[in-house]
Each structure stands twice: as structure tokens, then as C-alpha cells.
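Thanks for making the time this morning.

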Amino acid sequence: MATQFLVFAVLIVILLVFISLAQCEVHYHDFIVKEVNFTRLCESKLMLVVNESYPGPAIRARKGDTIYVNVYNQGYYGFTIHWHGVKQPRNPWFDGPEYVTQCPILPGTNFTYQVQLSTEEGTLWWHAHSDWTRASVHGAIVVLPALGTTFPFPEPDEEEIIVFGTWYLGNLKEQVDKCLDPATNSDLPKASGYTINGQPGDFSPCSTNTTYRRKVDCGKTYLLRIVNANMDEEFYFAIAEHSLTVVGLDGSYTKPINTNYIVIAPGQTMDVLLNTSSTLGSYYMVGREYLNSNVDKPIADHDAIAILEYNGNYTTSAAPLFPQQIPNSLSQEPAFNFYGKLRSLATPEYPVNVPQESDITTKMYITASSNALYCTPDFDPTCFNISFAASVNNISWANPSESILQAYYMNISEPVYETDFPDEPPVYFNFTEKTTTLDRVLTVQGTKVKVLEYNETVEMVFQGTEVMGGSANHPMHLHGHSFYVLGFGFGNYFAERDSKTFNLIDPPYVSTFITPKKGWLAIRFIANNPGVWFWHCHMERHMTWGMESAFMVKNGGTPETSMLPPPATMPSCEVPLDSATLPSNSELMKNQIE
């Protein structure tokens, strides 16, 4: 009897080991990145995409899984890939921002990323992190609950990925390179239109026959996994005659929010439940730019349109119904009413760990400004006077020609980076009052990072400014960590007054959130991930102009709290090809046809 019991016990242990090993899986993907011909808005052009698709392929995995993605660059210039919202614990080598953690993957070469999921659960995304390449190189990441667990809401019948994108007529890289040429010194490109799952949809030129359609059954629940891959624009989204229930944001669950529209910032991802209980028919799904900068009309002429179409026996000759509840592009109040409702789920199964005031070891007050860049002749040969710049604490970021992470690992700092990023702006004034005086408008370039000890608790308050009349919402994104959004408001931040409004019970836990135009955003996080981690405004034009910096989180005192060594296959830091040396767009299309 004792022998039988021993054999049974051993079998149980073996079974548990196998179950444990099976909990986390390993996935493999190939990304072939090359120029492919697309036709939108009455124009055909070649565009860099992954696996010949726009948007790119979705990656599906479970919480805690490991994903290997072998990226083959068959294009004409270098780029990198970032896994947005994935913390990559102890492994910043695969985070992806160009010249921060790696140099570009050069044409004709490949690089395999290891994407390590940890606490994330819900919808995330991946995108290029080089110049403006992410306009066409992006896709969703679906992180399902770990085996043996489920959603904190009734399991949906089906799911649907919805990716908002920005469309530009012409060759975008050539346009960006021209704008950044000192001889040209012009504004960066603006959107020609917007897309839902790659299509502009009804109401846009030459687009009616290609509108994206999603067929649904009446009486079911659909989980919409929404990605805002737009380059600069927040988006309102609504579906005619349907309500929505928000249940997740940036790979973390939220308290359910019942609403008839959402607003989502560039870089954010959102999980939304849709109950299909309306009358059989067709309904427009509409994405609309929410304009928060100093403009008086939409940048693009048309909403992004898709169609929700019920299955069943019915006849209709009418056009799909339009969502009358979607806010106007210039309406600010609906956006911040929505943002203000976001809360972490904060249950025993999904707890929060909000840092308290007594835990804070570093406080930073960060101004985010539009500027003009001033350079003296002896400052730097790469520096030039331009009319367009942006800064944080009056430092406009300049990419080095080497990887900051690799330099840090090799114990090299200058001339690659400096470790004196300031904790506060150099001068205090009324930040929300328009100013054009030179001492406040002019900024200088630098590659300055902030060094943090392992496990420091950091409070950051971002302050939007009206320097040069350039105020706008700033979707601030932090790599390698998620953070708690304690609060936001309008006007200048005053700690004694505004900290009393902080949500320390169930604040949203995200990696990207809006700093309001002429307002402030307060966040806290624990720097428990060693490495070099970028943080920046996720409006591409602001990041291009320099509204970013990086944290350098030191190793802890044990191997388990220290950064992993670099892979042997890191891309070399050679000078990437300039698009000006490439064949013309017409020549590329001719070669592809032949």
C-alpha cells in the first residue's frame, strides 16, 4: 500500500511539473519587412510594411509567455521595432527605440527580438521606433489570461482587433527627411486621412468599395481590442445605436465604464466590450480626430469609417446609421470626462500597489514645450538653427550615433550621453500663459538622461506649457514600466493644492497617458526594472522635435535584480541609409511590377 502511495505521489509531482512548464509557452514569428504597393485615397504608392500587410500581423500569446520575432529588413533603410507596453523585465536589449537601446536593423540584415511578457494582460501593440516608420509598420499584441485563469468579466463570444492608423499621400520618409533638412526647415507632414484596419472607409475619396466590415451575430458579446496607432491624433470612437463597456487599458484591467463613445490617445490600447443587441442592420463605426492644438478645423477632411453588419435575413436599402453621439473634433469636455472615469480594477485578484507620499525618493517636475532651437557656431557641428523644436525641462533630445544602452553597459558615457537631466525646469513662470520671449522660447539640444537607483519610487508631474502658443495634449509614454495616474488638471500645478486631489485608491495603471493642454499630469512608479528606458511624448512630431529623455535604472544588489547581458547579435551601429539615396517611388514600383 505504501509503495502504491509513493508511486501515486511521484506521478502527481511529475504531472504538476509538466503543468507548470506548460503554463508559459514560447512563440515564434517571422517579420519580413519590405516595400509593398498600396492604393488609398486615389493614389498608389510603395510603403514599408510587415509581411505585406497594413496594419501588420497580430501576435497572440498568454500572460507570462515568451515570443521570438525574427525581423528581416528587406527595405532600403534601417529601423527598429518596439513592443509597446511590454516591460521586458531585466532585458532592455530588446525594447527597441533607435539609438537608445539599439542601433537600426540595416537593409539586408535581420535581428531576432525576445519579447518577454510578465504582468501584462489585455491588448498591447508593436511598432517601428525609427523616424516615422511606425506609420506603416505596426500591429496588435493580444495577451490572453494565463492558462487556468480567465477574464475578470464574462467571457466574450468573439473578439475583434481594431487599429486606427494615419494615411499620408506621397512618400512619407522623403517628406520627413526634406522637412528636417536644415536648408528646408519646414513643418513636418500632416495627415491626409485616417484608417480603421487599413481602410479610410465611406466618405473618403476612392474608398467606398473597400470600407472595412465586421459581420456580427445578434445577441453576442464581442471584445474589441483597440489600438490607436495614429501618429499624432487622439481619436473619438463610437458605433451607431450601440453602447460600449471599457474593461482594460494598456494591458491592465479597469473597472467597467459604460459609455456611448471612447477617446483614445496615440500609443494607447483599450479593451472594450460590445453587446450586439440592436435591430438587424448595418451601423457605422466611426473614428474621429480629437483636436486639442491651436487649430480651428480638422487636419484631415474625413472620419475613419468601418461598418458593423448584422447577420440574418433582412432587407435594407438605406445607408448604415451614423453614430450621432460621437463628439465634435474640437470638443474637449467629452474627452476629459472620459479620461476622468478610468480606474484600476483593484480587486484581490488584480491588486494595485500605489506608492504613497512617504515612499517617494525622487520627485520630478517636467515642462513639455514647443520651442525654437538655438545653436552657437561652436556648440556642435550637427546642431542647426531651426524654427521647430520641442523640449522637456528646456532640453531638446538629440539622438546619438551609438546605442546609449550599449555605452552604459560598457561603462562609457561621454560623448554618447550625459547624466544630468534636470528634475525641474531652469526657470519658473506662468507656464500656461502664451509667451514668445526669446529666453523662454529658445532651447538647446542634449542627450541627457536621469539616473535612478534600483527600486526608487518616482513621482513625475508633467506640465504642459503655452510657449510659442504651441500648447497641446501630450500622450506621455514610459518604456519598461507601467505607472499609476494619480490625477490631472488644468492650469499650473501647485503641489500643496493639487496633490490633495490624487487618487491613491484605484488609479489607472498604464504606460501611456495624456498631459492636458495647458494642464498637468501626475504619475508615480517604482523603478524596479534595470536598464535604459526611454520616455517621450507619443505625438510623432513632438518626439521628432525632441520632447523626450530616458531613465537609466541601476542594477540591484543581486543577479535577479540586475540587467541581463546583451545578445551576441545586436545590430551594429553603422550609419543608416538616407532615403535621398534611394530609388524614386516610381522606380521602386516599376521594379516591383517587373
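This is a predicted model: local features need pLDDT of at least 70, side-chain atom pairs count only at pLDDT 80 or more; totals for chains, interfaces and linings use all residues.

Let me begin with the second largest pocket, whose volume is about 770 Å³. Its lining is made up of 36 residues, and those closest to the centre are Lys-87, Thr-119, Pro-351, Tyr-484 and Tyr-509. Which elements give two or more residues to that lining? They are strand E15, covering 252-259, strand E27, covering 483-490, and strand E30, covering 519-527, and it is E30 that gives the most, with three residues.

I turn now to the cysteines, where the count comes to two disulfides.

One of them is formed by Cys-42 and Cys-206, with the sulfur atoms 1.8 Å apart, and because the torsion about the S-S bond is about 95°, this disulfide is right-handed. The pair links distant parts of the chain, 164 residues apart: Cys-42 sits in the loop between strand E1 (26-40) and strand E2 (43-50), whereas Cys-206 sits in the loop between strand E10 (193-196) and strand E11 (212-216). In terms of solvent accessibility, Cys-42 is partly exposed at a relative accessible area of 48%, while Cys-206, at 59%, counts as exposed, since the cut-off for that class is over 50%.

The other disulfide joins Cys-103 to Cys-573, with an S to S distance of 1.9 Å, and here the torsion about the S-S bond is about 85°, so this one is right-handed as well. Cys-103 lies in the loop between strand E5 (81-84) and strand E6 (110-116), and Cys-573 lies in the loop between strand E32 (548-553) and helix H8 (585-593), so the bond ties together parts that are 470 residues apart in sequence. Is Cys-103 buried or exposed? At 0% relative accessibility, Cys-103 counts as buried, whereas Cys-573, at 25%, counts as partly exposed.

Finally, two further cysteines deserve a mention: Cys-24 is partly exposed, with a relative accessibility of 42%, and Cys-218 is partly exposed too, with a relative accessible area of 45%.

Methods
Residues are numbered from 1 along each chain as its sequence is written. Side-chain values use heavy atoms; hydrogens and water are left out. On a 1 Å grid over the protein atoms alone, a cavity is a set of points where a 1.4 Å probe fits but cannot get out, and a pocket is an open set with protein on both sides within 12 Å along at least five of seven lines; lining residues have an atom within 4 Å of a point. Grid points are joined across faces, edges and corners, and a volume is the space filled by probe spheres set on the points. Helices (H or I, at least four residues) and strands (E, at least two) are DSSP runs, numbered from the N terminus. A disulfide is a pair of cysteine sulfur atoms within 2.5 Å. Buried means under 20% relative accessible area, exposed over 50%, partly exposed in between (1.4 Å probe, protein chains only).
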